[in-house]
Amino acid sequence: MIPMRGLGILVLLCVLDGTLEYSTLTNSVLQEQLNLNLQQFVPEVSVLGVVGGTVDLPCHTAPPKNSRDSIKLVLWFKDDSSRPIYTYDTRGNKDSMVRHWSNTTALEGRAFFRGTDSPANLVLDALQVTDAGLYKCRVDFFKVPTQISRVKLNIIVPPEKPRVFNKENEEVKVTLGPYRIGERVEVKCEVWGGSPSPQLYWWRDHALLDSTYERSGPQKIMNVLVLDGLERSDLHSILTCQASNNNLSAPVSTSVKIDMHFGPLSVRLVKGRET
């Protein structure tokens, strides 16, 4: 193995068409080629996170089998940057003496590396859209070659809270109506934002009513619910419009209650007791 430190120019012998040719590689070019060759054999892991939530980025820190080695230094990089965003420096010290450093501009104090976990992971809190990208965890040992883990972080943006509108396009926040028996109810639900695009469903007392939503703009999803022939049993029914685009966070929803006006089924006159 050729030591990398202090290496200036390396002369290589190449056999081309039966003749010897000499070529030179600077230290930076050689290092880049070695890094590319090393990373080609490291599987990439995909991780999902939700804006405002927390995510763990795994890093393989165990040395190769049958090797009695320990971690010297862990460096985290993001995308194509050559500057680390987080370092975990042991230099042979016990874990309680490990030195942590993070780039306050990139991480804003929202990251912490748990080197003793299995697997070790970089914890990111209060996730932002800009946190999405390819993260590289480089682990330097004292003896064995460097290991590099790659983690692709995808960020999910939840949709906004749905809004409910009646047939007159007036926003409804609590009560829908009042209606009379036999009337037709037409109520619209809209939701904005979300990445990926959300699903938008209507529920009634925990039973699915309508899952036929449609896109009505670049950032807008709409679902129109129609109920024909209201009955007495529909009084005070709860209609819930629910939007969701992931299974990591709770769906966002808005509920309204059906109000109705109707007369009694029958009238009976009861003669009062004479006094």
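**View 1. An open sheet of five strands, with mixed pairing, has the order E14-E21-E20-E16-E17.** The model is predicted: local features need pLDDT of at least 70, side-chain atom pairs count only at pLDDT 80 or more, and totals for chains, interfaces and linings use all residues. Residues are numbered from 1 along each chain as its sequence is written, and side-chain values use heavy atoms, with hydrogens and water left out. Strand E14 (175-179) and E17 are the edge strands, and each pairs on one side only. From one strand to the next, the twist averages 30°. Strands (E, at least two residues) are DSSP runs, numbered from the N terminus. Two strands pair if DSSP finds at least two bridges between them.

**View 2. E14 runs parallel to strand E21 (residues 252-260).** Three bridges join these two strands. Thr175 has Lys257 in E21 as its bridge partner.

**View 3. Tyr88 and Phe113 form an edge-to-face pair, and a search of the whole structure finds three aromatic pairs.** Rings of Phe, Tyr and Trp (its six-membered ring) pair if their centres lie within 6.5 Å; planes under 30 degrees apart count as stacked, over 60 as edge-to-face and the rest as tilted. For Tyr88 and Phe113, the values are 4.8 Å centre to centre and 65° between the planes. The pair links distant parts of the chain, 25 residues apart. Tyr88 lies in strand E6 (residues 86-89), Phe113 in strand E8 (residues 111-114). Tyr88 is buried, at 4% relative accessibility. Phe113 is buried too, with a relative accessible area of 1%. Buried means under 20% relative accessible area, exposed over 50%, and partly exposed in between (1.4 Å probe, protein chains only).

**View 4. Tyr201 and Tyr213 form a tilted pair.** Their ring centres are 6.1 Å apart, with the planes at 45°. Tyr201 is in strand E16 (residues 199-204). Tyr213 is in the loop between strand E17 (207-210) and strand E18 (214-217), twelve residues apart from Tyr201. Tyr201 is partly exposed, at 21% relative accessible area. Tyr213 is also partly exposed, at 32%.

**View 5. Lysine charges sit over the rings of Phe142 and Phe165.** The charged end of Lys72 is 5.9 Å from the centre of the Phe142 ring. For Lys188 over Phe165, the distance is 5.5 Å. A charge sits over a ring if NZ of Lys or CZ of Arg is within 6 Å of the ring centre and within 35 degrees of the ring normal.

Terms used:
Helix = DSSP H or I, 4+ residues; strand = E, 2+ residues; numbered from the N terminus. Axes fitted to C-alpha atoms, helices over the stretch in contact; angles between N-to-C directions.
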